[in-house]
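Subject: Handing over a structure

Dear colleague,

I am passing on the structure below, together with an account of what was found in it. Please keep it open while you read.

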Amino acid sequence: MKQRILPIFIPQYACPFNCIFCNQKTISGEKEEVSLDRIKRQIEQGLKINSDEEVELAYYGGNFTAIDIDFQKKLLELANSFERIKSIRISTRPDCIDEERLRLLKLYNVRTIELGIQSMFDHVLNASARGHTAQHSKNAMEMIKKFGFLLGVQVMVGLPKSTSEKDIETAKILTSFSPDIARIYPTLVIEGTYLAKMYQRGEYEPLSLNEAVERCSQIKSIFIEKGVNVIRVGLQPTEEINYNAKVLAGPFHPSFGELVDSEIIFRKVVERLQDQKFTKVLFIVHPKNYSKFVGQKKSNIKRFKLLFSHAEIEVLCSNEEVDKIRMITESNETVVDISRL
């Protein structure tokens, strides 16, 4: 049975550094201080939804393995006190992983550890005041895999001092450590951060939406090709993160993940068709994937028509193959597999 993830946010709890891009209390929407009573109420409320599902409880937002050891144990014991919670997931920093901490997590049914890596280049990490190095990340990933945990990696594109090449190389380096899951976030300028001051002083220029989509699509493709399950691209829209408040600048879009998938589909289709000769192409797409295929405001269709201006283009919806896009020309029929998007 697939487990539902129940997220519990502990914003900036036990974080030893204040990264220039981070204001976790804004990102998570949390305003209440961390307490066992508050967390227990949140768990109980979350378990009322789909009450027959098994659950993995996820402690997000803070630096879990740097929490005071007694309170850390209480948080883990609380999660394990609910029968429907079958496993625990935590997020933490690479420099707060060691064998002693991992042995403790093993005792308390932790299954997945997500690391906020962000970049594998030290000068990028320094520019963001991360307080750890790429070597910390390598050491942590090796230990987590050695202890048999599922490894999650979180990367950010568009950080100060980074480039497209460095962001893409970061993804390639990470795949060599065989992570199980990944999250990809474009850097946003969020109110109340040092990055916001840098932006307001003209010291930082965020990526445009198109730049971020292009870069994240390349990184997601790298992860997918190496069998890494990309579980999130872009921040989730919340009450705090929207067009009207908190995000001062940067490539925020409420459907950012879909924009990225749409870009990946576009490139896959072009790769298959660019060397073929045809005067008409029929795309057969499952309704579930129609919006990703055509793109927002039919942007992909417009690009296809520009690129293949010599050909008639037709799109047909079909319920037959949910994870494939079939392309039929006068002389050829080919398929694009999008099952891992």
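**The parallel sheet**

I181 stands opposite N229 in strand 8, where helices (H or I, at least four residues) and strands (E, at least two) are DSSP runs numbered from the N terminus. This is a predicted model, in which local features need pLDDT of at least 70 and side-chain atom pairs count only at pLDDT 80 or more, while totals for chains, interfaces and linings use all residues. Residues are numbered from 1 along each chain as its sequence is written, and side-chain values use heavy atoms, with hydrogens and water left out.

Contact here means heavy atoms within 4.5 Å, and angles, which run from 0 to 180 degrees, are taken between the N-to-C directions of axes fitted to C-alpha atoms, for helices over the stretch in contact.

The sheet as a whole is open and has 7 strands in the order 1-2-3-4-5-6-8, with parallel pairing. Strand 1 (4-9) and strand 8 (229-233) stand at its edges, and each has a single partner strand, so one side of each is left without a neighbour in the sheet. Neighbouring strands are turned by 20 degrees against each other on average, direction ignored.

Strand 1 has R4, L6 and I8 on a covered face, whereas I5, P7 and F9 make up an uncovered one.

**Helix 9 and the cores**

Helix 9 has 17 residues, and its first and last C-alpha atoms are 24 Å apart, close to the 24 Å expected at 1.5 Å a residue, the expected span being 1.5 Å times one less than the number of residues. Among its buried residues are A212, V213, C216, I219 and F223, where buried means under 20% relative accessible area, exposed over 50%, and partly exposed in between (1.4 Å probe, protein chains only). The buried residues of helix 9 pack against strand 5, helix 7, strand 6, strand 8 and helix 10. After the helix comes G227, with a positive phi near 80 degrees.

A nonpolar core is a set of buried Ala, Val, Leu, Ile, Met, Phe, Trp, Tyr and Cys residues joined through side-chain atoms within 4.5 Å. The largest such core has 62 residues, and I43, Y59, I113 and F223 are those with the most contacts inside it. Helix 9 supplies the largest share of this core, 6 residues. Leaving out residues up to four places away in sequence, F223 touches several residues, including V153, V155, L174, I184 and V230. Another core, of 20 residues, lies apart from it and has F266, F283, F304 and I338 among its members.

**The mixed sheet**

A further open sheet is formed by 4 strands in the order 11-10-12-13, with mixed pairing. Its edge strands are strand 11 (312-317) and strand 13 (333-337), each of which pairs on one side only. Strand 10 (residues 280-285) and strand 11 are paired in the parallel sense over 6 bridges, with L282 bridged to E314 of strand 11. Helix 10 (residues 256-273) lies across strand 10, strand 12 (324-328) and strand 13, at about 155 degrees to strand 13.

Most residues other than glycine have a negative phi. K161, although not a glycine, has a positive phi of about 75 degrees; K161 is placed in the loop between strand 5 and helix 7, and it counts as exposed because its relative accessibility is 60%. S178, also not a glycine, has a positive phi of about 55 degrees; S178 lies in the loop between helix 7 and strand 6, and with a relative accessible area of 43% it is partly exposed.

With best wishes

Methods
Two strands pair if DSSP finds at least two bridges between them.
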